[in-house]
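My plan is to look things up one at a time and write down what I find.

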Amino acid sequence: MSQPQMPGMPYAPAPQPQVFETPIDQPWYGIDFGKAIERFFKKYVVFSGRASKSEFWWAMLFLVLVNMAFSLLSNLTNSNGFIGFLSSAWSIAVLIPTISIGVRRLHDTNKPGLLLLLPYGLIVVGMIIAIVGGIGTFFFGLASVGGSRSAAAAAGSGVIAILFAVLLILAGFIVYVVLMCMSTDPAGARFDRAQVPAMNPMAPAAPMNAQQYPTQQPYAQAEQQQAQPYTPQTSQQPAEQQQAYPQAPSTDNTYASNPGQPYEAPTQYPDAPESQQGQSGQAAQPNQPEQGFNPPFEGPRQ
């Protein structure tokens with residue numbers, strides 16, 4: 001929700017949306033009229049790749065408008081020869097890009113481009129039959145003026161041939177329109193030169209050479225260490241992995257016989273009983289054998 005505009009403050013206009021164009025080697029779905037005409041001439045002799053419906057029909061509308069303009073100029077100039085020459089030159093100039101965009105439109109429907117020979121073949125055959133029938137009708141019609149029935153029959157056959165040619169030409173245009181109106185099939189990407197899926201024109205383009213600079217090894221190791229769960233250092237280790245304490249020096253044979261036994265500090269011994277104290281006032285040492293009484297030396301007796 002937008003914040004209310006404070007009185008006395010200038011109004012900030014909304015930012016313009018960014019428009020991302022589809023690469024030239026990919027079909028542009030939802031293209032506008034100007035971009036379609038631009039691609040029509042940029043892909044003048046490009047028969048690989050695909051073309052969307054909008055890309056094809058905007059180009060066809062442009063060609064129809066140009067032909068109507070030439071017809072209007074020809075009528076206004078009383079069939080000027082220069083206007084007729086320009087119209088014929090324009091028709092020859094746009095013949096190759098018209099065929100190429102038709103092939104790309106078939107690729108977008110996952111159909112081979114050679115299928116375009118069907119409508120063009122019907123139109124060409126119809127035109128040839130119409131020309132031959134027209135010539136035969138003209139000459140045999142002149143011959144039938146003298147009362148020749150065979151010439152009249154041949155002239156009638158020429159008229160029938162012209163009607164059949166018109167039907168073939170009409171069928172060719174119908175087949176052409178049906179083929180160009182077929183739905184898009186994503187499997188048609190197999191006809192692309194780069195073999196990559198189509199991109200959304202409103203989606204931001206991926207940065208170029210994104211995989212050229214991989215992550216350095218020290219940073220990768222740091223990320224792996226950060227991803228590992230934290231283990232406190234004060235965790236208890238198994239008993240068999242604990243390090244034994246160093247053996248304390250002692251004269252007791254118990255520790256000497258078992259060097260692997262952990263060292264235990266000796267407990268404080270209780271005071272020796274008074275009966276075991278000597279005349280010197282020192283207590284007898286525990287765990288030692290009793291020795292005979294040795295009175296102090298008083299020197300030799302006289």
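Among contacts between residues at least 6 apart in sequence, what percentage join residues at least 24 apart? I looked this up for the protein chain, and the figure is 67%. I note at the start that this is a predicted model.

**Entry: the whole chain**

I counted the elements next. The protein chain has 8 helices and 0 strands. Read from the N terminus, the order is α-α-α-α-α-α-α-α. I also checked burial. The chain has 302 residues, and 21% of them count as buried.

**Entry: the nonpolar core**

Which residues have the most contacts inside the largest nonpolar core? I found Leu-63, Trp-90, Ile-101 and Met-180, in a core of 20 residues. H2 gives the most, with 7 residues.

**Entry: helix H6**

I turned to H6 and its span. H6 has 32 residues. From its first C-alpha to its last, H6 reaches 47 Å, close to the 46 Å expected at 1.5 Å a residue.

Which residues of H6 are buried? My list reads Ala-151, Ala-155, Gly-158, Ala-165, Leu-168, Gly-172, Tyr-176, Leu-179 and Met-180. These buried residues pack against H2, H4 and H5 (117–143). I took the three partners in turn.

**Entry: H2 with H6**

Two packed helices are described by the angle between their axes and the distance between the axes. I looked up both values. The axes of H2 and H6 come within 11 Å and cross at roughly 140 degrees. Angles over 145 degrees would count as roughly antiparallel. H2 and H6 are therefore oblique to each other.

I then listed who meets whom. From H2 I have Lys-53, Phe-56, Trp-57 and Met-60. From H6 I have Tyr-176, Val-177 and Met-180. By class, this contact of H2 with H6 has 6 nonpolar, no polar and 1 charged residues.

**Entry: H4 with H6**

At what angle do H4 and H6 pack? I read about 50 degrees, with the axes 9 Å apart. H4 and H6 are therefore oblique to each other. H4 brings Thr-98, Gly-102, Arg-105 and Leu-106 to the contact, while H6 brings Tyr-176, Leu-179 and Met-180. The residues of this contact divide into 4 nonpolar, 2 polar and 1 charged.

**Entry: H5**

The buried residues of H5 are Pro-119, Ile-123, Gly-126, Gly-133 and Gly-136. H6 is included in what covers them.

**Entry: His-107**

Is His-107 buried or exposed? His-107 sits in helix H4. Its relative accessibility is 7%, so His-107 counts as buried. I looked for a partner from elsewhere along the chain. Gly-188 is 81 residues away in sequence, yet the two C-alpha atoms are separated by 5.5 Å. Leaving aside neighbours within four places in sequence, the contacts of His-107 are Phe-47, Ser-48, Gly-49, Arg-50, Pro-112, Gly-113, Gly-188 and Phe-191.

Where is Asp-185 found? I traced it to the loop between H6 and H7 (217–227). Asp-185 has a relative accessible area of 29%, so I noted it as partly exposed. Asp-185 and Leu-106 are 79 residues apart in sequence and 9.8 Å apart in space, C-alpha to C-alpha. With neighbours within four places in sequence left aside, Asp-185 is in contact with Asp-108, Thr-109 and Asn-110.

I followed Asn-110 last. Asn-110 lies in the loop between H4 and H5. Its relative accessibility is 19%, and the cut-off for buried is under 20%, so Asn-110 counts as buried. Most residues other than glycine have a negative phi. Asn-110 is not a glycine, yet its phi is positive, about 65 degrees.

Conventions
Residues numbered from 1 in each chain as written. Predicted model: local features only at pLDDT ≥ 70, side-chain atom pairs only at ≥ 80, totals over all residues. Heavy atoms only, no water. Core = buried A, V, L, I, M, F, W, Y, C linked by side-chain atoms within 4.5 Å. Buried < 20%, exposed > 50% of the residue type's maximum accessible area, 1.4 Å probe, protein only. Helix = DSSP H or I, 4+ residues; strand = E, 2+ residues; numbered from the N terminus. Expected span 1.5 Å × (residues − 1). Contact = heavy atoms within 4.5 Å. Axes fitted to C-alpha atoms, helices over the stretch in contact; angles between N-to-C directions. Parallel < 35°, antiparallel > 145°, perpendicular 65-115°, else oblique. Nonpolar A, V, L, I, M, F, W, Y, C, P; charged D, E, K, R; others polar.
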